[in-house]
Amino acid sequence: MADLSVDQIKEIRSNVLGAAAKIPGALIGIGILFIILGMIGVAGQVLFSLVSVNVLGIFLFAGGVLQAIHAFKSAGWKSVTIQLIFAILYIGAAIYVWVFPIPALEAITLWLAAIFFVTGFLRLIAALQHRHFAEWFWLALSAAISILMGVLIMNNFPSSSLWLPGLLIAIELLLQGWSLLFIGFAATSLTK
């Protein structure tokens with residue numbers, strides 16, 4: 001494959017960052033906001049966990065209300081009863097999350113541990129299937145880290161349920177914030 005010229009690289013970059021180049025300031029601003037929220041979340045993990053479980057309750061409640069509206073607007077449809085049952089379940093889950101935030105956080109933490117275990121074991125299987133490639137080690141290492149994360153979560157359970165969801169959300173906000181910030185800066189350099 002031939003090396004790309006500087007003009008070709010600029011054209012590819014402008015195509016990739018084309019939409020971002022229209023609003024680089026917004027990307028930079030949102031990136032900075034996410035970074036600030038992420039730092040607040042890292043500093044106050046328990047508060048961030050409680051806020052996030054309440055936001056989850058808001059989404060569950062809104063989903064239940066929308067499901068109920070959908071059921072009432074589809075009166076002739078055969079599965080109206082099922083739609084209403086889903087609406088009741090969503091609203092019930094929202095109320096449960098609001099009334100009992102600590103058990104809800106514990107359930108979320110168990111779910112996170114299960115995700116780490118399952119993805120770790122699946123990555124390990126994939127690594128073993130691809131062990132004839134030199135890079136299989138990195139997949140196996142990723143699998144080991146995921147499984148270790150699951151073990152660490154379960155080792156500190158249930159106390160980890162107070163801080164872990166907030167910490168993971170804060171880390172996600174930081175990563176998203178930095179990526180938006182760098183995309184915004186790259187888009188700004190494109191417009192110059």
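Isoleucine 35 sits in helix α3 (residues 24-43), where helices (H or I, at least four residues) are DSSP runs numbered from the N terminus. With a relative accessible area of 9%, isoleucine 35 is buried, a term that stands for under 20% relative accessible area, with exposed meaning over 50% and partly exposed in between (1.4 Å probe, protein chains only). Isoleucine 35 and glycine 166 are separated by 131 residues in sequence and by 14 Å in space, C-alpha to C-alpha. The model is predicted, so that local features need pLDDT of at least 70 and side-chain atom pairs count only at pLDDT 80 or more, while totals for chains, interfaces and linings use all residues. Residues are numbered from 1 along each chain as its sequence is written, and side-chain values use heavy atoms, with hydrogens and water left out.

Buried in α7 are Ala140, Ala143, Ser146, Ile147, Gly150 and Ile153. Most peptide bonds, by contrast, are trans.

Turning to open space, the largest pocket holds about 270 Å³. Its lining has 13 residues, of which Ile108, Trp111, Leu112, Pro165 and Ile169 are the closest to the centre. At least two lining residues come from each of α4 (45-73), α6 (101-129) and α8 (160-191). A pocket is, on a 1 Å grid over the protein atoms alone, an open set of points where a 1.4 Å probe fits, with protein on both sides within 12 Å along at least five of seven lines; lining residues have an atom within 4 Å of a point. By type, the lining comprises 12 nonpolar residues, one polar and no charged, with Ala, Val, Leu, Ile, Met, Phe, Trp, Tyr, Cys and Pro taken as nonpolar, Asp, Glu, Lys and Arg as charged, and the others, Gly among them, as polar.

Terms used: Grid points are joined across faces, edges and corners, and a volume is the space filled by probe spheres set on the points.
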